[in-house]
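Dear colleague,

Please find below the structure that I am handing over to you. My findings follow it.

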Amino acid sequence: MNAVALQRSPRVRARRLLLLVQVLLVQVLIATSFALPVAANAHTLELINGDVTQQIPVSDLHAISDTTFTLYDPYQGREVEMQGVVFQAFLIDQFGEIPPALHFTAWDDYEVTLSNWDDPNWYLITLEDGEPLSLRQRGPIRLVERDYGNRDVENLREFNDWVWMIRRIEVKW
Amino acid sequence: MTSKAKQVESHAVRPRPLVRQYRYITWLSLSLMSFLALMVLIIYESRWVYPEIQAYFSQTGNLSGQQLATRSRMYLQNAQAELLTDQPEQAAFDAAFMNIELAYGLSDMHIYRREYECSEPSLAVLNRLLTWLEVREIDRVNAVGELFTPIQCLSHIEMDQLDQRGAAINYFSESTRQHNQMLTYSSLLIFVLGLAFWGLHERQLHRTDRATRETLEWMQRAMRDPLTGVGNRSALLQDVLANQHQSLGLILVDIDFFKQYNDAYGHPQGDTLLHQLATIIGQALNHDAQLYRLGGDEFAALLHCPDSETLKRYCRQIIEGVREANFAHAAHPDKKGVTLSVGGCCFVANEHTFTLAYEAADKALYQVKTAGRDGWQVTE
């Protein structure tokens, strides 16, 4: 290898630097995708309406979470500041009307079909105490009642309709 | 009749409808209320049992029926399996990470933190392990080892929760037994009470019936002449009113020289004669008429009278019947046996015309008497 050969023009060096950056970026992306596959997966909500399936980023849901309220969460045993969107309005926004029934699938494989959603008391929660919900916090999306009346907070059976870790919502017409 | 006797009769005859009906309704109401209470009790008890069963056993067999601790433990065991399977380390870590996160979410419960000391340290272990997995600062075998403590804690929670559920079932079973006992004894008691009230009601009903019968008997007696058994003046008036707007015949019969008969034979014999005459007159009228004793030696007969000829025929039959009987009368001024004077008239029945008919028949009777007795006359 000669000295001339060892000399690099600024254009070549810039090109090599750009290539290096590209390689590094790809490696970082690959590494990130392998290191946090769960987080990537749990950051979308799948909506199924007949033959149409759409993936909604949870970040989009954060953006439309326009209501904040404080609620005693019987599962956590403390007052929690929840932030989300009225589920009734969300359904109308997504499907044009309130479907008669919805089939929920959670990240923990829990599945349930529930109806009577024409009720402004239900909220789709995406943030808690100002932070996005993780799977550890039974997120990324949770369905809760804003007002659960005088139900006994010590009897968790009374809150069976709350759906955690929502992964997929399928409309049942 | 003395005033005291009148009082006694009046008291005996007068019904006590208000008091009797009040008691009758009360016993009946109590009886019905008892059976109603029995129904309510049975419905209440059956409605009590159903929600309890629903609460405890409705979710048996599905995912939400499992304990959160059970599901959490299963995810941790899945994580161990993923770490120990023959797969690339990255894939094993990713799968384990996912399972541990889910396990954490299902076990991070206020009720577990509050009631189980091992809960907080287990969650701390899981948190630390997740961090290590994220930054690859732990090998597979050590990661599997780290999970044993949380699994042990979750198993402990599961067993305790099962014990609690067993205790709840035992309590429910005991409560059900107590409710069954209460239902049985209460039902029996209420049923017996209902029967007792029903018995009292039946007794009261029987008494009421008997009192009604007695009242009717007294009323009938009040309408009868006790000596001859035929009706009295009140019965005559009642029968006239019961046949309003019908054409009736009224016949008045008077025994000739009855005072002399009594003087000659004595009053008991006079009474016997009255009784016999009542029978004779009844037979003479072919039982087509009602016979009444108006007092003393005066009888009256009421019959349907389509025309005056019918009335005349009956009058003639009465006279002839007594003549045929030929009762002896030693004191008769004309040396005859017992004879009668008979007067009659036809009228359309109502209260006002009866008075006029009575006067007309009496006038005809008077004419017979003034003409020498032992005969009959009808006012046209």
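**The sheet in chain B**

In this predicted model, strand β1 (residues 247–255) of chain B and strand β4 (residues 340–348) of chain B run antiparallel and are joined by nine bridges. Within this pairing, B:Gly249 stands opposite B:Cys346 in β4(B). Helix α11 (residues 267–284) of chain B packs on the sheet, where it touches β1, β2 and β3 (298–304) of chain B. The direction of this helix makes about 145° with that of β2(B).

The sheet itself is open and has five strands, in the order β2-β3-β1-β4-β5 (chain B), and its pairing is mixed. At its edges lie β2 (290–295) and β5 (375–379) of chain B, each of which pairs on one side only. On average, neighbouring strands of the sheet are turned by 20° against each other, direction ignored.

In soluble globular proteins, nonpolar side chains tend to be buried together. Here, the largest nonpolar core holds 51 residues, of which A:Leu124, A:Ile166, B:Ala96, B:Ile100 and B:Ala103 touch the most other members. Which helix gives the largest share of this core? Helix α4 (residues 89–107) of chain B does, with 10 residues.

Residues up to four places away in sequence aside, B:Ala96 touches B:Ala79, B:Glu82, B:Leu83, B:Leu133 and B:Ala143.

Yours sincerely,

A colleague

Terms used. Residues are numbered from 1 along each chain as its sequence is written. Chains are lettered from A and ligands numbered from 1 in the order in which they are written. This is a predicted model: local features need pLDDT of at least 70, side-chain atom pairs count only at pLDDT 80 or more; totals for chains, interfaces and linings use all residues. A nonpolar core is a set of buried Ala, Val, Leu, Ile, Met, Phe, Trp, Tyr and Cys residues joined through C-beta atoms within 7 Å. A residue is buried if 20 or more other C-beta atoms lie within 10 Å of its own, exposed if 12 or fewer, and partly exposed in between; C-beta atoms are placed from the backbone. Helices (H or I, at least four residues) and strands (E, at least two) are DSSP runs, numbered from the N terminus. Two residues are in contact if their C-beta atoms, placed from the backbone, lie within 7 Å. Two strands pair if DSSP finds at least two bridges between them. Axes are lines fitted to C-alpha atoms, for helices over the stretch in contact, and angles run from 0 to 180 degrees between N-to-C directions.
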